[in-house]
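This briefing goes through a few local features of one protein model. Please keep the sequence and the 3D view open while reading.

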Amino acid sequence: MGSASAAPATRLYAVAAATAVLRYSIVSLPYVMYGSYRPLVDAIGDRRRGRCNISVLSKMTYLSYQSTSFVLIMNKPSLRNWLIDKPSASPESLIVRCLRERGVLSASQIAHITGLARSTVSTALNGLRTSGMVIESSAHHDGARGIGRPAATLTLNPAAGTCVGIHLGLDEMRCLVADVSHSVIAEQTISMGLDYQPQQAAELAKSAIAQCYEENGLPMAGLLGVGVSVSGPVSREGVVQRASIVPTWAGVNIRDVFGPVLEQPIFADNESNCSAIAELMWGAAVGQDDFVLFKIDLGVGGAIVQHGRLVTGIAGGAGEFGHISIDPGGDLCRCGNRGCLELYASFARPLEQISRIVRRPVTMDEVIMMAEQGDVGALRMIEDTADFAGRGLGLIGSVINPPLIIIGGRMALAGDILLEPLIASYERHTLIKSRDIAPAVRTRIIVGKHTQNDALLGAVGLVLRHNSRLQ
């Protein structure tokens with residue numbers, strides 16, 4: 001399984017796991033990995049031009065794998081259940097869930113997040129360390145430092161399991177493999193062609209996953225689930241309600257397509273919700289339990305997060321901001337309504353107009369570069385798009401009044417060229433004006449940290465967070 005663009009090695013995750021296991025008297029030796037390694041939180045990519053800097057463990061070497069801590073963990077049903085099933089009320093289960101969702105934490109942070117007493121956390125962690133499920137991390141989590149010696153940070157043992165994320169794009173399918181410590185193992189992009197069929201995607205995904213696990217020496221028994229990101233609302237049963245990017249997927253049940261082929265637990269959601277999960281877990285919304293994501297690309301998408309959980313709606317249609325009608329007498333939208341926000345706030349029409357002016361097809365990256373170089377036409381197109389986006393967000397702000405709005409999608413790469421007119425437009429059209437309230441209660445509007453790979457990372461996040469599992 002090849003990488004789209006492997007970055008140089010930033011650190012070796014060599015004997016950290018082995019040291020932790022030996023420290024806590026585990027007889028079996030966990031695997032030792034060699035090669036490039038970066039955690040998911042660093043897998044942001046080049047925000048300026050969309051180049052992905054995810055490092056890949058091209059060749060992982062396992063020492064005496066059959067006697068590893070993976071076997072120790074997987075042979076204990078309760079430990080495996082904490083990873084693949086909904087948590088019970090036991091302290092150990094709550095801690096495993098907390099680390100599975102958040103990655104690297106100190107014991108005090110675990111106590112704060114779970115609400116458990118510190119003594120309870122300490123006792124439970126001792127047992128989890130002894131079992132090999134939890135190890136000390138070589139990285140220090142933000143906020144874990146204090147006066148004196150830095151607090152030890154903890155993570156789930158990478159040997160405990162892996163998960164796969166799949167993003168279904170216009171003419172390609174992207175796959176990413178990560179472990180439960182939130183570390184990227186491999187990534188691959190598969191060319192599909194336009195209007196590809198669901199069964200074709202499932203079979204190719206199976207082949208790609210099998211190839212990756214074989215190349216990297218990963219046991220298929222360690223695969224905990226597969227998350228699928230798709231363009232369009234997804235019902236709780238896994239049915240794609242509408243599919244604008246890949247029309248052949250409309251009405252398809254993701255569970256029925258991928259489940260029998262992959263024979264794994266399947267998690268699925270629309271790409272905007274997956275993008276929000278990526279920002280929540282590793283991006284601009286870390287530490288924020290309430291926010292709105294607004295994506296500006298060739299279409300317009302969105303997501304709502306409240307109390308740290310996605311608001312999906314009864315049929316999976318929550319957050320479809322692009323189909324708010326702002327002009328009932330306007331042009332016909334692909335959804336069948338008129339005057340949808342997507343017609344004005346996406347960058348599809350501006351791209352067409354600029355392409356006609358320069359007499360050749362242009363990309364969003366090119367338009368952004370033109371604007372940065374002072375091209376008045378490119379600047380005007382971005383500013384007009386921002387004005388409409390701000391108007392739509394003004395409506396959303398008046399209804400939800402979120403503390404944070406994150407701008408995603410490829411147009412977010414324009415930075416302040418997009419953000420400044422968008423914020424100005426939002427202020428004109430929303431009810432609560434910044435000038436009337438204290439800074440602490442104003443809505444902040446910022447650019448997301450994941451613009452090119454957010455939906456793919458979020459698909460992995462679906463599995464780690466047990467979001468949207470299809471039964």
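The model is predicted. Helices α13 and α14 cross at roughly 40°, and no disulfide is found anywhere in the structure.

**Helix pair α13 and α14**

- Helix α13 spans residues 376–400 and helix α14 spans residues 416–429; their axes come within 7 Å.
- The handedness of the α13 and α14 crossing is right-handed.
- On the α13 side, the contact is made by Leu379, Ile382, Glu383, Ala386, Asp387, Ala389, Gly390, Arg391, Leu393, Gly394, Gly397 and Ser398.
- On the α14 side, the contact is made by Ile417, Leu418, Pro421, Leu422, Ser425, Tyr426, Arg428 and His429.
- By type, the residues of this contact are 10 nonpolar, six polar and four charged.

**Gly394 in the helix contact**

- Gly394 belongs to helix α13 and is among the residues that touch α14.
- Gly394 counts as buried because its relative accessibility is 0%, where the limit is under 20%.
- Leaving aside residues up to four places away in sequence, Gly394 touches Tyr426, His429 and Thr430.
- The C-alpha atoms of Gly394 and Arg428 are 7.7 Å apart, while the two residues are separated by 34 residues in sequence.

**Cysteines**

- A search of the whole structure gives zero disulfides.
- Cys340 is in no disulfide: its nearest cysteine sulfur, on Cys335, is 3.6 Å away, whereas a disulfide needs the sulfur atoms within 2.5 Å.
- Cys340 has a relative accessible area of 0% and is therefore buried.
- Cys98 is also buried, because its relative accessible area is 6%.

**Loop residues with positive phi**

- Glu263 is not a glycine, yet has a positive phi of about 55°.
- The loop that holds Glu263 runs between α8 (254–262) and β8 (266–270).
- Glu263 is exposed, because its relative accessible area is 64% and the limit is over 50%.
- His307, a residue other than glycine, has a positive phi near 55°.
- His307 lies in the loop between β10 (300–306) and β11 (309–310).
- With a relative accessibility of 67%, His307 therefore counts as exposed.

Note on methods:
Residues are numbered from 1 along each chain as its sequence is written. This is a predicted model: local features need pLDDT of at least 70, side-chain atom pairs count only at pLDDT 80 or more; totals for chains, interfaces and linings use all residues. Side-chain values use heavy atoms; hydrogens and water are left out. Buried means under 20% relative accessible area, exposed over 50%, partly exposed in between (1.4 Å probe, protein chains only). Axes are lines fitted to C-alpha atoms, for helices over the stretch in contact, and angles run from 0 to 180 degrees between N-to-C directions. Helices (H or I, at least four residues) and strands (E, at least two) are DSSP runs, numbered from the N terminus. A crossing is left-handed if the near helix is turned anticlockwise from the far one by less than a right angle, and right-handed if clockwise. Contact means heavy atoms within 4.5 Å. Ala, Val, Leu, Ile, Met, Phe, Trp, Tyr, Cys and Pro count as nonpolar, Asp, Glu, Lys and Arg as charged, and the others, Gly among them, as polar.
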